[in-house]
Amino acid sequence: MAFLENTWYAAAWSGEVGRQLLPRTFLNQPVVLYRKENGAIAALADRCPHRFVPLHLGKLKGDIVECGYHGLCFKDTGECSFNPHGDGAIPKAARVKSYKVAERHGVVWIWMGDADLADESKIHDFGQFGDSERYASVFGYLHVAANYQLITDNLLDLTHGQYIHPLFANPAGPSTMEPNPPYDENTVWAKFIRRNQYPNKYFEMLGYPGDRRGDHRNYMRWNPPALLLLDVGMTGVGEPHDKGISIPTAHLLTPETESTTHYFWGMARDFRRDDTALGEILLQIGTNVFDNEDKPIIEAQQRSMGSTTELLALKPVLLQTDAPAVRARRILGELIQNEEHGKQAASNVAS
Amino acid sequence: MAFLENTWYAAAWSGEVGRQLLPRTFLNQPVVLYRKENGAIAALADRCPHRFVPLHLGKLKGDIVECGYHGLCFKDTGECSFNPHGDGAIPKAARVKSYKVAERHGVVWIWMGDADLADESKIHDFGQFGDSERYASVFGYLHVAANYQLITDNLLDLTHGQYIHPLFANPAGPSTMEPNPPYDENTVWAKFIRRNQYPNKYFEMLGYPGDRRGDHRNYMRWNPPALLLLDVGMTGVGEPHDKGISIPTAHLLTPETESTTHYFWGMARDFRRDDTALGEILLQIGTNVFDNEDKPIIEAQQRSMGSTTELLALKPVLLQTDAPAVRARRILGELIQNEEHGKQAASNVAS
Amino acid sequence: MAFLENTWYAAAWSGEVGRQLLPRTFLNQPVVLYRKENGAIAALADRCPHRFVPLHLGKLKGDIVECGYHGLCFKDTGECSFNPHGDGAIPKAARVKSYKVAERHGVVWIWMGDADLADESKIHDFGQFGDSERYASVFGYLHVAANYQLITDNLLDLTHGQYIHPLFANPAGPSTMEPNPPYDENTVWAKFIRRNQYPNKYFEMLGYPGDRRGDHRNYMRWNPPALLLLDVGMTGVGEPHDKGISIPTAHLLTPETESTTHYFWGMARDFRRDDTALGEILLQIGTNVFDNEDKPIIEAQQRSMGSTTELLALKPVLLQTDAPAVRARRILGELIQNEEHGKQAASNVAS
C-alpha cells in the first residue's frame, strides 16, 4: 500500500535535532536532519548524487553539508555550492531534494510530498508539548518492526491495557467504549471509560487516593496519517474532567518502511511541574510500557502476518471495540487513494 | 514440495508439554501445545483470529487460552468461549483450528491434515520409549536449518559414522550394508553391520570387553514421513541379537518449514536402568553427536544446495549405500503425490 | 551483470595457502584451495557431487581431499579416486571441477572460465610483490559487502583521500588529476599529483623531511577485471620519481558475489627492508585505512544503492575526476559483453 505523502509527519522531537547530522528514513526515503546556525531545521535527502554515499557520513560546516567521500558541498536548499575538484564546475544535476520542515509543539514535522502544498496551518494540535509555561513534558522514541497502522490499531483500542499493561489495568475490568461522535474526514475518537472504580496503579502512583472511587477515562483522538493524542485522566465520580488528574499523552507514528515504524511518544502534565523525580518516573513508565509491553506484541503480530502489512487483507474477526480503528483505516485509505488518483490525473495531463 | 499432511508427526516428547503454552511450528503452521487439567494434550493454531497475535503470548486459564492482546478466550476445541468487550457477542468466525493429538510411546503426536482421517492405530511402534517398566530412556531435541529429508538421508546411510563420529567409528572400517528385505509401502530398512571386530569406543564405554571381537550392527527402520528407529547393538561373533548390548534409538523428524526441521531423538536401554550416571552420559553423547557432528554437516549441505530443498533435483551422484534413502524418498514422494491428487479430485467434485 | 570469466583473478596471497583446506567463493562459485605436497597449488569446486557437502569440511590426505561426510576421495584433477563403500565402484559423474591456478608475484591467481584459454603470460605485472630480493612487502585482506566495481571507483579517484584518510590528506588540498595517456583496451591510468607542498603525515612518517617541500604523486594503474597498482611516492620539487621515497601498493579485487568482494592489498618497499618495525607499522596503517576508513563508506554506498550493483544504472552525477573510473567500467563492460556474445555464438553452433 502506498503512503500518504502530502501530509505532515513527525520527524523528531525538537530536542533530538542539533548540530549533528541525524539520519532517519521516512516512507522509504533516507533523510538527514540538522539545525542551522540560526536555529531553524533543515532536511535533505541523505544520498549524495555523485556516488550515493549517505550525506550524514559527512560534515556539517556552518549551514552546509560536505559529503564525506569526495567533498561536494550542499546548501540546506539542496543545491550544490562547491565542487573541490577539476575546474570546480558544478554539474546541473548536482542537487539533492530538500524537504519542508516545521517545528511546532515540540515536534519537528516533515512534509514528504509536494513542497508547494505544505501548509503549516494544517499541523494538528499537540499544544501541550510546546507549552513549557503550563506543562512539563517527557519525551520518548522507539523503533517498531511493524507496519504503522498496527500501532494505530493498538492505540485506538485501549481495552488491551487490561491484558498487557498491569500498571494500567482497571480493578473493575476492561474499559467500556462510549458512543463516539460521528467522525469527520479529519478526526476519529475512541473514548474508553471505567466509571465508579478505585484507581488503577497508575493513578494511585500519580496521587489519586487509593480508597476513593472515581471515573477513569482514556479518550483517544486520531488524525491522519497516524497522529494520536490521549486524554487520560481520573476524576471523582461524575466530576468534570478539568477537576481531576490528567496526563495528556502524544503518540506520533511515522512509517520508516512498510514494515517498520518510528514511534514518538510524549507525556505532559500541568501539576508538579518542577518535580523532576516524577518526570523521571513517567519517562521510565513510558519506556517500559511501550518498549517492553506493546512493542513485543505488535511485532509478534506483524511476524504472524508474514509479509502482509495490510491487516484487513487477512480478514480478521472484528469486535465492536474495533470500530474506531476500522474507521481510521478507511479514512486513511481514501486519502491515499485520492492522492494516487490525483497523481495519475496529473501525469495524464502532462503526457 | 508439498508436505504429507494426513499422517502422524512427532510434536514433542511427552515431558515437554505441561501447563505452559508451548509454541512450535509444523509444516509452516504455527501451533500452541498445552496439557489440560485432566492431563490430555491440546493443540491449537497459534494465531488469534482477531488481531493475529500468537496465542502462546497469552495465558492458560484452566483448559482455556486467553489471548494476551485483548482477552478473547478459546477452548481446546478451538471455539471462542468468551469476548470480554462490548455486549460480549462472539462473532461466528471467532475460532481457531484445533489439531488432533495423541500421546503414545512417550511422544506427543500431531495430525496436521484432515482430522476425520486421524487414526491412532496407525501410529508407528516406538514402544521402548513409553515402557518405563522395561526401559530407561533419555530424550533430546535439536533444531536443524535443513530440509527434513536431508536428515532422513543421513540416518539411512550410517556409513557416515566412520567420517564424522569418532565415537562410533569402527576400528575395522566403515560398516557394510546387508541385503535389505524387499520394501513395502510402509517400511524401509537400512541394515549396516561390521562383523568380527573389536568394539568401537561407544560399545566399549557401554561395557563390551575391549579385547573381545564381536558383531556390531546398525539396523535402521524408516517409516513415512520421517520416523526412524535404530536397532544398534553389539554381540559376540555370530551370537543372536538378543544376547548382547543394545541401545534402541529413535529419530523423529518433523518439518518446521521446507528448510528447517524439528529433530527429536531418544535412547532407550533395558540394562543398568537405575544407573543415572549412565543416563547422563548417554544424554551428553547424543547431544554432542547430533548437535556438534551431524547438524553442522547437514546444515552446510543445505546451504550448499542454496534454496533447493529437494536433493534429487540437483542430480547427485548415487552410491550403492544410497539405495535405502532413495527408496524412502520415492515412497514419501508417492504418498504426497497421491494426497495431492486426492485433494484435487475432491475439489473438482466440490466445484 | 555477468562477470568476466576468462581472466585471471586473485584467489589468495601465496602465504595464505598451505596444508589446510581453504574455502573461498569466487564469482558465486565455491572453491577449496590447498597446497600439494610438491608445493603447487590446487583448486577444486568446494562441493562433493554425492551429497553436496563442502569439501573443505573434509580432510587433506597427501594430495587427495577426502569428503567429510561419506569419505569419497578426490584428486587435484577433480577425479574421484576412491569410494570406500559397497564394491568400491566409482560412478562416472563422481568428479568435481578443477580450476587452473598459477602462483606469480606472491599472488595465487585463479582462472574461473574455460581452462583451455588460461594463459599465464597474460597475468599482469605485480613483480614487486614476488621479488623478495629487492622488496620487502606486507600483505592484507578484507571482505567488503559491496560490488567490486565500487571499489575500483574508489581506487581510480584518489581525491577521496582528502576526505576520508587523515593520514593521506595533503596539506595543500586534494590532489589534482594529470592528463592521462590515451587508454588502450588493457590499461587505464589515473594520475593524481600535488606539487610543491610539505609532506602529508604518511610521507613524514616514512622519513620525508617535514620542512621540505616536494611533489606527492599517486599514479594508479588499472587492468581488467579489477587489478590495480598504485605508484605512490614523494620526491623533491621537480625531481625524477626514482629519486624519492615510494611505496608501490597493490589492490586486487575479486568478486565473491555481485554484492560482496575479496579485497587483497599489499605494500612493497625497496628501502629499510630489514626494518620489521616499519613493516609492522605499514601493516597497521593499511589495515586501519582500508578496514576502518574505506570499507564503511563503500558499504554505506552499496546499501544506499539497494539491490542495484551497477552504479551507472542509477545515473550518478559525474565529475571530471570520474573519467578514469568511467573508462574502466566501459572497458570491462565491453569485455564482458564480448565474452557473453562468444558464448551465445558457441551455443548456437553447438545446437
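**Cysteines and the C–B interface**

A search of the whole structure, a predicted model, finds zero disulfides over all chains.

Me: What is a disulfide, in general terms?

Reply: A disulfide is a covalent bond between the sulfur atoms of two cysteines. In this structure, the cysteine sulfur closest to that of Cys48(B) belongs to Cys67(B), at 4.0 Å. The cut-off is 2.5 Å, so the pair is too far apart for a bond.

Me: Is Cys48(B) buried or exposed?

Reply: Cys48(B) is buried, its relative accessible area being 2%.

Me: How far is the sulfur of Cys80(C) from the closest cysteine sulfur?

Reply: The distance is 7.1 Å, to Cys73(C), which is again too far for a bond. Cys80(C) is buried as well, with a relative accessible area of 11%.

Me: How is the size of an interface often given?

Reply: It is often given as the accessible area lost when the parts come together. Here chain C and chain B bury about 2,000 Å² between them, and 61% of that lies on carbon and sulfur atoms. Of the area that chain C buries against chain B, 37% comes from Arg51(C), Phe52(C) and Tyr69(C), more than from any other three residues. In terms of contacts, 22 residues of chain C meet 26 residues of chain B.

Me: How many salt bridges are there between chain C and chain B?

Reply: There are two salt bridges between these chains. One of them joins Arg51(C) to Asp322(B), with the closest N and O atoms 2.8 Å apart. On the side of chain C that touches chain B, 11 residues are nonpolar, seven polar and four charged.

Conventions:
Residues are numbered from 1 along each chain as its sequence is written. Chains are lettered from A and ligands numbered from 1 in the order in which they are written. This is a predicted model: local features need pLDDT of at least 70, side-chain atom pairs count only at pLDDT 80 or more; totals for chains, interfaces and linings use all residues. Side-chain values use heavy atoms; hydrogens and water are left out. Contact means heavy atoms within 4.5 Å. Buried area is the accessible area (1.4 Å probe) that two parts lose on being put together, summed over both. A salt bridge is a side-chain nitrogen of Lys or Arg within 4 Å of a carboxyl oxygen of Asp or Glu. Ala, Val, Leu, Ile, Met, Phe, Trp, Tyr, Cys and Pro count as nonpolar, Asp, Glu, Lys and Arg as charged, and the others, Gly among them, as polar. Buried means under 20% relative accessible area, exposed over 50%, partly exposed in between (1.4 Å probe, protein chains only).
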